[in-house]
Protein chains: 2
Amino acid sequence: MNGAESLILTALKCGVEVCFANPGTTEMPLVAALDGAARMRAVLALFEGVATGAADGYARMAERPALTLIHLGPGFANGIANLHNARRAHSPIVNVIGDHATWHLAADAPLTSDIESLARPVSAWVRKSASADAVAADTAEAIAAAMRAPGHTSTLIVPSDCQWSAAGAAAGPRAAVAPPAVPDSAVRAAAGILRRDGANTVLFMGGAALRERGLKAAARIAAACRCRLMCGTFPARVERGGAMPPVEKLPYFPEMALEALAKASSVILAGARAPVAFFGYPNMPSILIPEGCGVTTLATPEQDIALALESLADLIGAPKEAAARAANRPAARPTGALEATTIGAAIAALMPERAIVMDEAATTGLPFFDASLSAPAHTYLALTGGAIGQGLPCATGAAVACPDRRVIAFQADGSAMYTLQALWTQAREGLNVTTLLCNNRRYRILQVELARAGVTEPGPKARSLTSLGNPNLDWVALAKGMGVPGVRVETAEALSQQLERALKEPGPKLIEMII
Amino acid sequence: MNGAESLILTALKCGVEVCFANPGTTEMPLVAALDGAARMRAVLALFEGVATGAADGYARMAERPALTLIHLGPGFANGIANLHNARRAHSPIVNVIGDHATWHLAADAPLTSDIESLARPVSAWVRKSASADAVAADTAEAIAAAMRAPGHTSTLIVPSDCQWSAAGAAAGPRAAVAPPAVPDSAVRAAAGILRRDGANTVLFMGGAALRERGLKAAARIAAACRCRLMCGTFPARVERGGAMPPVEKLPYFPEMALEALAKASSVILAGARAPVAFFGYPNMPSILIPEGCGVTTLATPEQDIALALESLADLIGAPKEAAARAANRPAARPTGALEATTIGAAIAALMPERAIVMDEAATTGLPFFDASLSAPAHTYLALTGGAIGQGLPCATGAAVACPDRRVIAFQADGSAMYTLQALWTQAREGLNVTTLLCNNRRYRILQVELARAGVTEPGPKARSLTSLGNPNLDWVALAKGMGVPGVRVETAEALSQQLERALKEPGPKLIEMII
């Protein structure tokens with residue numbers, strides 16, 4: 001067994017079964033080792049940002065890490081933006097980067113660079129294997145570090161001689177570390193607030209609080225105290241629709257977020273940090289808690305959030321189960337112009353049970369979240385770190401994780417351009433991803449931000465730098481180029497018709513919505 | 001004047017007139033400032049790797065820096081791979097990265113990251129502006145640092161409050177620092193070697209040695225001593241064809257490189273480092289100098305290379321001018337199958353005088369360099385740092401720098417997929433770039449490397465991870481999606497016909513070559 005084989009076999013022993021790969025010369029022994037491990041699925045991406053974004057989507061759905069297999073520092077650099085998003089999503093990911101042979105580094109060959117300096121900002125754990133014999137243990141530790149709650153990115157750098165040289169046996173999994181329970185005092189403090197002023201309390205949730213077990217406990221608390229359930233603007237994953245309780249999203253702009261919290265006397269944090277503004281604006285605060293509103297932490301992202309919510313529900317004597325919401329899927333499909341409201345309504349009306357919706361639709365996506373409350377039970381994923389180009393790769397990885405579920409990539413055009421190569425991987429793997437491409441031919445959010453910055457009449461360069469026109473992008477042609485069938489729609493009726501059809505067909509499809 | 005305006009005006013005062021931009025919210029004051037500076041051209045890229053690669057191509061041709069305007073850490077990360085190539089090319093580039101407002105950083109907003117850790121591996125100069133008043137001087141110093149021989153990347157991080165706050169006047173250029181002359185002893189040592197054993201000496205050249213003045217001096221030396229003129233496998237820029245002297249490229253694989261140098265008793269370095277292997281292979285050296293062959297440095301990349309070559313030519317009493325090579329452009333166009341040889345011959349036969357050829361054609365590109373010797377005078381650019389995805393952006397920037405010259409992007413398919421968004425910028429700017437897309441539907445070099453690693457019969461995963469088929473990419477459709485007209489050819493005759501036509505038409509065109 002060589003070092004590369006010990007890495008792949010260790011990963012399998014630790015429960016890692018998918019590798020999103022874009023390898024180069026320094027990863028050839030690892031590529032060869034994949035063929036010796038039948039249970040390890042290898043998925044080729046034609047750009048590293050697709051591989052890392054897919055690993056993020058996979059981790060959010062599978063709740064365990066995939067490997068990425070990436071080539072040296074520059075290849076890793078191409079994957080950083082989506083690793084940044086994954087870090088904000090607390091997704092477990094294990095990057096494997098091939099490096100030059102240890103004895104070749106001193107030559108400063110063309111592809112040599114400081115990989116660790118690039119890796120650190122997006123990795124909770126970074127190590128370079130010192131020998132072929134060390135690779136197995138390094139791999140097991142990388143996976144354990146990634147799995148530590150709430151989920152982290154590990155980056156393991158493996159020099160090519162450590163891959164091709166003889167190594168010892170594969171390693172087994174490290175002992176799992178359960179997330180620590182919150183102290184009783186935190187539960188009692190939260191209970192005191194809810195008892196005192198429940199109706200003016202916001203339960204601000206993140207991480208496991210937004211998955212089924214957490215949401216059921218939150219629903220009990222809300223039923224008992226009439227507190228509001230909220231989450232951040234860009235949650236990693238929310239179970240929504242069907243019987244899930246209504247959770248509000250904090251609005252994006254700080255003045256709107258402060259307005260949404262204006263009546264709150266207390267915010268209880270459950271797996272979330274206190275909300276902060278996405279950007280700093282003149283005369284606006286960074287922390288979005290209104291003056292006079294208290295903030296109490298029930299559970300940090302690292303703690304056992306679902307258990308904390310259940311303990312809190314029990315302590316305040318909440319009913320054992322909140323009354324299920326009545327199913328109220330809208331019967332009517334939207335008609336007329338294709339715009340944010342009708343698009344959101346169409347998705348809510350047509351998505352199948354257990355759909356996964358990856359929302360990187362930017363401004364066009366805003367009305368969807370409210371509309372989705374009345375849809376069947378589904379999973380909602382958002383752009384967590386603001387590094388655009390996450391949607392198509394993340395949808396790809398989610399589809400790999402959940403082959404029995406439909407994935408809808410609800411996608412802005414400007415963002416889609418960063419990682420459009422994901423479409424090819426969807427085609428190769430035959431993934432059931434329906435991309436709803438919002439073609440408004442502009443960076444609409446930047447035009448809003450320009451106006452907020454006081455540029456109410458932008459000059460020709462500012463207009464040009466925020467426009468995606470001249471020439472217009474033809475997304476049906478781009479999809480065709482990647483092997484994905486596409487269709488263009490210009491009305492809500494046509495969207496409904498095409499979406500309904502696409503959701504019944506196997507494999508990927510792109511619906512270009514001209515807005 | 002605010003900080004953003006002082007930055008743009010300072011750049012103009014320092015001779016920087018192009019900004020390759022992919023801005024976001026934290027760069028809005030800079031976007032607005034561009035409209036106040038008529039001479040600053042703003043070119044939008046739809047992915048940061050296009051902006052940085054274009055800045056590299058621009059710098060290689062214009063011999064001065066462009067700005068890139070990039071959004072925070074994750075946006076910068078997307079530009080790192082091509083900055084890595086630019087670093088190896090010694091291209092002067094000034095990155096301007098907007099950051100969160102200084103007072104907003106502590107909130108750790110979603111897009112916050114350690115920008116400096118990301119910037120350092122690809123930047124010779126990194127600074128974060130401390131105030132709006134500091135921005136002008138910071139900009140002037142960033143530009144001066146970029147221009148210091150042989151050319152560097154500077155990265156200036158400008159918090160958004162330093163952009164929007166009031167600032168003092170713009171700054172003027174810092175005093176230029178000329179590259180130091182080489183010591184006489186280095187010239188005398190090189191002369192001694194040439195006098196002793198000129199015919200067995202290799203003049204190994206890089207940087208300014210491969211531009212017109214350096215090459216003319218090298219031709220005089222070769223005429224006097226019959227030494228060989230060589231350059232590295234991936235030179236940043238070579239003037240070639242027409243009357244330029246024949247320069248050999250060192251072969252890629254180490255055993256072939258050692259063979260090419262086997263008869264050399266001495267290597268004289270002129271603006272180049274001693275050749276090193278691209279990758280480390282078992283039982284192969286890193287430094288590609290045969291045993292018993294001496295190495296002498298005439299000029300380092302930082303020194304005045306052209307002057308050193310002229311001094312050397314004078315000292316050995318070389319003729320004042322080497323006899324010009326006879327023009328010998330091949331009259332006949334290639335016929336038959338579309339393959340590396342016929343493609344190389346077609347480009348050499350059809351390229352116009354002063355064409356710029358950006359070669360990222362990987363394995364398919366190999367025969368072209370020899371064939372190009374008999375073409376008219378032109379400029380050859382190569383992938384310097386091995387980070388694939390350089391060709392289309394670099395060709396884009398070269399076309400911005402040289403609107404009166406034709407640019408040929410000779411491009412491998414796998415590499416093109418990394419930064420295909422460059423086609424859209426070519427279309428928007430109406431650039432005269434003809435892309436010759438080599439569609440062999442595989443990462444051919446990786447298949448070769450697999451075999452070199454002993455995997456002579458790759459399994460299904462290794463085959464899958466080195467193949468670009470299933471589905472095949474349709475580059476005519478991809479180009480159409482970006483607004484670039486495309487055509488597909490399958491024979492050498494069809495290539496010649498389409499290439500001749502494309503080189504006469506204004507604007508970009510893509511010719512997909514099915515190999």
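**Where the copies meet**

Mentor: Happy to! Of the interface residues of chain A, 100% are also interface residues in chain B, so the copies meet through the same surface. Please keep in mind that this is a predicted model. Its scores are ipTM 0.98 and pTM 0.98. For chain A the mean pLDDT is 97, and 99% of its residues reach 70 or more.

Now look at how the copies are placed. Chain A is superposed on chain B by a rotation of 180° with 0.0 Å of shift along its axis, and the RMSD is 0.0 Å. The two copies are therefore related as by a two-fold rotation axis.

With the meeting place in mind, let us step back to one copy. Chain A has 20 helices and 18 strands. Its C-alpha atoms fill a box of roughly 65 × 60 × 45 Å along the principal axes. A compact globule of 515 residues would have a radius of gyration near 24 Å, and the 23 Å of chain A agrees with that. Of those 515 residues, 66% count as buried. Among contacts in chain A between residues at least 6 apart in sequence, 81% join residues at least 24 apart.

The chain can also be read in pieces: domain 1 (3–164), domain 2 (184–315) and domain 3 (340–514) of chain A. The C-alpha centres of domain 2 and domain 3 of chain A lie 28 Å apart. Their contact takes 15 residues from domain 2 of chain A and 15 residues from domain 3 of chain A. On the domain 2 side, strand 9 (residues 238–240) of chain A supplies the largest share, three residues. That side of domain 2 of chain A divides into nine nonpolar, two polar and four charged residues.

The buried residues of helix 11 of chain A include Ile305(A), Leu309(A) and Glu310(A). Among the elements that cover them are helix 8 (184–197) and strand 11 (266–270) of chain A. After helix 11 of chain A comes Gly317(A), with a positive phi near 70°.

Finally, a few backbone details. Most residues other than glycine have a negative phi, and most peptide bonds are trans. Arg354(A) is not a glycine, yet its phi is positive, about 70°. Arg354(A) is partly exposed, with 15 other C-beta atoms within 10 Å. Ala362(A) also has a positive phi, about 50°, without being a glycine, but Ala362(A) is buried, with 23 other C-beta atoms within 10 Å. As for peptide bonds, the one from Asn470(A) to Pro471(A) is cis, with omega near 0°. You will find Pro471(A) in the loop between helix 18 (460–465) and helix 19 (475–481) of chain A. In the other copy, the bond from Asn470(B) to Pro471(B) is cis, with omega near 0°.

Technical notes:
Residues are numbered from 1 along each chain as its sequence is written. Chains are lettered from A and ligands numbered from 1 in the order in which they are written. This is a predicted model: local features need pLDDT of at least 70, side-chain atom pairs count only at pLDDT 80 or more; totals for chains, interfaces and linings use all residues. Copies are superposed by least squares on the C-alpha atoms of residues with pLDDT of at least 70 in both. Two residues are in contact if their C-beta atoms, placed from the backbone, lie within 7 Å. Helices (H or I, at least four residues) and strands (E, at least two) are DSSP runs, numbered from the N terminus. The radius of gyration is taken over C-alpha atoms; the globule rule is 2.2 Å times the number of residues to the power 0.38. A residue is buried if 20 or more other C-beta atoms lie within 10 Å of its own, exposed if 12 or fewer, and partly exposed in between; C-beta atoms are placed from the backbone. pLDDT is the predictor's confidence in each residue, from 0 to 100. Domain bounds come from an automatic or database domain assignment. Ala, Val, Leu, Ile, Met, Phe, Trp, Tyr, Cys and Pro count as nonpolar, Asp, Glu, Lys and Arg as charged, and the others, Gly among them, as polar.
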